[in-house]
Amino acid sequence: MRSLGYVRPNLFIPFSGKTVPLPEWLYFVFAAFVIVGTVNAVNITDGVDGLATGTSLPVMLFFVAVTFAWGQEFLELGIFASGLLGGLLGFLVYNFNPAKVFMGDTGSLFLGGAVAALAFAYDMPLILITLGIIYIIETLSDIIQVGYFKLSHGKRVFKMAPFHHHLEMGGWTGKKWSEKELFVLFTGISLLFAIISFIGVYQRYAL
């Protein structure tokens with residue numbers, strides 16, 4: 001029986017099935033970086049009606065699916081993920097464009113923390129590279145924009161950062177994406193990568 005009370009400082013590599021042992025201090029430094037990064041990344045994604053909600057739905061669905069694949073030991077985590085999934089679905093009714101209720105920093109920061117916590121609780125934080133692809137794209141676009149702006153003394157890579165605002169303003173293709181179109185695009189990408197992520201980990205503790 002695998003205990004969920006303590007996660008050893010070993011790093012599971014999705015898609016390969018391998019585990020890399022790490023010194024405890026390095027694991028905690030890595031964990032702090034991932035948690036802070038994920039919390040802020042989800043917060044950055046919350047810039048268009050329903051966007052953080054929509055992109056996080058497949059993420060929670062992924063954790064629920066993993067629970068079914070891995071079995072009874074992960075039931076409590078699966079219940080928590082299911083609760084978040086249901087809460088996001090209910091919230092989306094009011095958060096979808098045109099939004100009647102906004103998530104705000106309190107909601108998005110909590111959501112980012114929950115995503116990071118689940119990744120560590122399931123002992124696979126590296127899955128966030130694929131599972132959280134939208135969060136990563138949004139955050140990287142912000143970092144690239146600010147960094148390039150400072151280095152080039154005022155020039156920009158994107159019309160506006162983060163990336164969803166770049167698309168809103170017709171960046172690259174000239175098409176100005178509406179908030180509803182952005183919701184569909186980003187949620188669809190998130191769902192695709194949630195499926196890919198599931199393929200990469202489901203056999204780890206498969207029944």
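Predicted model: local features only at pLDDT ≥ 70, side-chain atom pairs only at ≥ 80, totals over all residues.

Residues are numbered from 1 along each chain as its sequence is written, and side-chain values use heavy atoms, with hydrogens and water left out.

When I say helix, I mean a DSSP run of H or I with at least four residues, numbered from the N terminus.

Okay, helix H2, residues 51-70, and helix H8, residues 179-201. Their axes come within 8 Å and cross at roughly 20°. An axis here is a line fitted to C-alpha atoms over the stretch in contact, and angles run from 0 to 180 degrees between N-to-C directions. That makes H2 roughly parallel to H8, a label for angles under 35 degrees. H2 passes H8 in a right-handed crossing, meaning the near helix is turned clockwise from the far one by less than a right angle. Contact means heavy atoms within 4.5 Å. On the H2 side the contact includes Phe62 and Trp70, and on the H8 side Phe183, Phe186 and Phe198 are among the residues. So who is in there, by type? The residues of this H2 and H8 contact split into 15 nonpolar, five polar and no charged. For the record, Ala, Val, Leu, Ile, Met, Phe, Trp, Tyr, Cys and Pro count as nonpolar, Asp, Glu, Lys and Arg as charged, and the others, Gly among them, as polar.

Now H1, residues 24-45, which packs with helix H6, residues 133-151, at about 85°, with axes 8 Å apart. H1 and H6 are therefore roughly perpendicular to each other, the label for 65 to 115 degrees. Ala41, Val42, Ile44 and Thr45 of H1 make this contact with Ile134, Tyr135, Glu138, Thr139 and Asp142 of H6. Those residues come out as five nonpolar, two polar and two charged.

H1 also packs with H4, at about 145° and with the axes 7 Å apart. That crossing is right-handed as well. Among the residues that meet are Tyr27, Phe30 and Val34 in H1, and Leu109, Leu111 and Phe120 in H4.

What is the volume of the largest pocket? About 410 Å³, taken as the space filled by probe spheres set on grid points joined across faces, edges and corners. A pocket is an open set of points on a 1 Å grid over the protein atoms alone, where a 1.4 Å probe fits, with protein on both sides within 12 Å along at least five of seven lines; lining residues have an atom within 4 Å of a point. H1 gives the largest share of the lining, six residues. By type, the lining is twelve nonpolar, four polar and no charged.

Last, the backbone. Most residues other than glycine have a negative phi, and most peptide bonds are trans. Here, Asn97 to Pro98 is cis, omega near -5°, with Pro98 in the loop between H3 and H4. Ala161 to Pro162 is cis too, omega near 0°. And Asp123, in the loop between H4 and H5, has a positive phi of about 60°.

Notes
Helix = DSSP H or I, 4+ residues; strand = E, 2+ residues; numbered from the N terminus. Parallel < 35°, antiparallel > 145°, perpendicular 65-115°, else oblique.
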